[in-house]
Amino acid sequence: MTIRKMLCATTGALALFVGGSALAADMLAASPPPPAQEHCKAAISTPTFGGLIKANPNPACIVMGLGDIYVGGAITGFAYTQTNAFGIPSPGGEQDRIGRVDFSNLQGWFQKADGPLQFYVHTGLYSFPSLGLPLYSSFEQTDLLFGPVPIAFGKWQINDEWSIQAGRMVTNIGSELLFTYQNLNISRGLLFNQENFINHGVQVNYASGPFAAALAVTDGLFSGELNWVTGFATYKLDDSNTIGINGSTHFSDFDASTRSPRFQFSTINSLQNSNIISVNYTYANGLWIITPYFQYTTVDRKDNYFSPIIGGETWGGALLAGYAFNENFGLAGRVEYIAQSGTRFDTLSASSLLYGPGSSAFSFTITPTYTWDRYFVRGEFATVQAYDVTPGFGFGRDGTKRSQERYLVETGFTF
């Protein structure tokens with residue numbers, strides 16, 4: 001090959017190389033840049049809100065190295081007066097009062113709600129005003145029940161349908177939620193008193209389309225011993241109608257009577273060894289929320305050194321309803337009835353799950369609610385009427401009264 005041909009070949013190759021590089025550069029320049037990662041777009045479903053007070057649609061979000069951390073909370077206070085306050089002191093020596101002004105919630109929560117590894121932590125003061133039970137201060141309840149961190153669990157989101165979580169979790173049982181702002185009414189009902197609130201355990205969750213379910217091994221009423229199995233299943237019939245079932249059973253007994261009164265404040269001995277099943281239906285459409293449910297509980301017979309303790313059963317039903325007149329004002333109510341098996345002659349040998357064996361009770365609650373953005377104020381009247389009460393197990397300082405009325409006002413905001 002002559003020098004001239006070599007120069008021509010080299011020049012052609014160089015031109016091809018330069019032209020190809022320029023073409024590649026043009027192609028890269030024309031390609032769109034990779035999309036930037038979107039932050040703070042997760043759907044937040046915890047804590048659940050089931051009443052006229054709504055969850056914050058735009059919770060605070062902090063972008064950190066471990067992911068997007070969502071922050072929320074509730075600062076609420078309430079005042080109440082009631083008739084026939086109980087004479088039962090708390091393990092800390094506090095008395096049930098005829099009236100009080102107190103925090104109902106002073107809480108914050110933090111969560112990572114997307115990605116394969118998630119968590120939820122709920123902290124602060126709380127009060128659980130329940131009908132037919134003594135009502136102690138929020139400081140006393142927080143100290144004696146679950147402490148300042150009532151909920152804390154980690155979660156592994158395996159895929160879109162399956163997840164596993166473990167830690168300190170809200171129960172799967174019942175149709176009313178835990179904290180006041182989550183519910184239609186300020187006070188929890190009589191059926192709620194038969195359930196556990198918070199438990200330790202491991203839970204498997206499944207959700208696909210209209211169906212959702214969970215199964216957990218837990219310690220029941222916060223005993224520290226994993227001897228319960230709980231679960232729920234719900235099916236969304238359409239956009240407005242949902243049916244569900246939830247329940248629990250214990251596979252070994254736990255004797256809390258050998259522990260301190262402080263321990264038994266949350267781990268009630270009879271209820272720790274109970275079995276529960278509840279069925280519910282919810283209609284939520286436009287201005288209306290309607291939830292009827294039925295609940296059955298049973299406590300097994302227990303033999304001890306002195307004499308057998310006869311078990312007991314309760315069965316009850318409740319209807320909860322709320323109507324929003326406009327975007328600011330709504331009215332909620334609840335009626336319920338519950339009864340226990342047995343007779344007053346069984347008092348010395350049977351567990352008391354209500355107001356003594358053979359007792360029953362009816363309650364009525366009405367709660368007008370005003371909301372404005374994240375702020376709310378609501379009032380409430382509630383009454384409980386008990387029947388076939390065993391003396392000493394009823395209302396009043398001496399346990400002989402058969403009714404109680406309670407008037408409450410709660411106000412505050414969620415964020």
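Searching the whole structure turns up 25 aromatic pairs, a pair here being two rings of Phe, Tyr or Trp (its six-membered ring) with centres within 6.5 Å, called stacked with planes under 30 degrees apart, edge-to-face over 60 and tilted for the rest. The model is a predicted one, so local features need pLDDT of at least 70 and side-chain atom pairs count only at pLDDT 80 or more, while totals for chains, interfaces and linings use all residues. Residues are numbered from 1 along each chain as its sequence is written, and side-chain values use heavy atoms, with hydrogens and water left out.

As for cover, tyrosine 206 is partly exposed at 23% relative accessibility, and phenylalanine 211 is partly exposed too, at 33%. The cut-offs are under 20% relative accessible area for buried, over 50% for exposed and in between for partly exposed (1.4 Å probe, protein chains only). Phenylalanine 413 and phenylalanine 415 also form a tilted pair, at 6.1 Å centre to centre and 45° between the planes. Of these two, phenylalanine 413 comes out partly exposed at 36%, and phenylalanine 415 partly exposed at 35%.

Ring pairs also build a cluster, whose members are Phe49, Trp109, Tyr126, Phe128, Phe146, Phe179, Tyr181, Phe192, Phe197 and Phe222.

On the sulfur side, the structure has one disulfide, meaning a pair of cysteine sulfur atoms within 2.5 Å. The bond runs between cysteine 40 and cysteine 61, S to S 2.0 Å, and is left-handed, with -80° about the S-S bond. Distant parts of the chain are linked this way, 21 residues apart: cysteine 40 lies in the loop between helix 1 (3-30) and strand 1 (60-64), and cysteine 61 in strand 1 itself. Cysteine 40 is partly exposed at 30%, as is cysteine 61 at 25%.

Zooming out, the chain has four helices and 19 strands, taken as DSSP runs (H or I, at least four residues, for helices; E, at least two, for strands) numbered from the N terminus. Buried residues account for 45% of the 415 in the chain.
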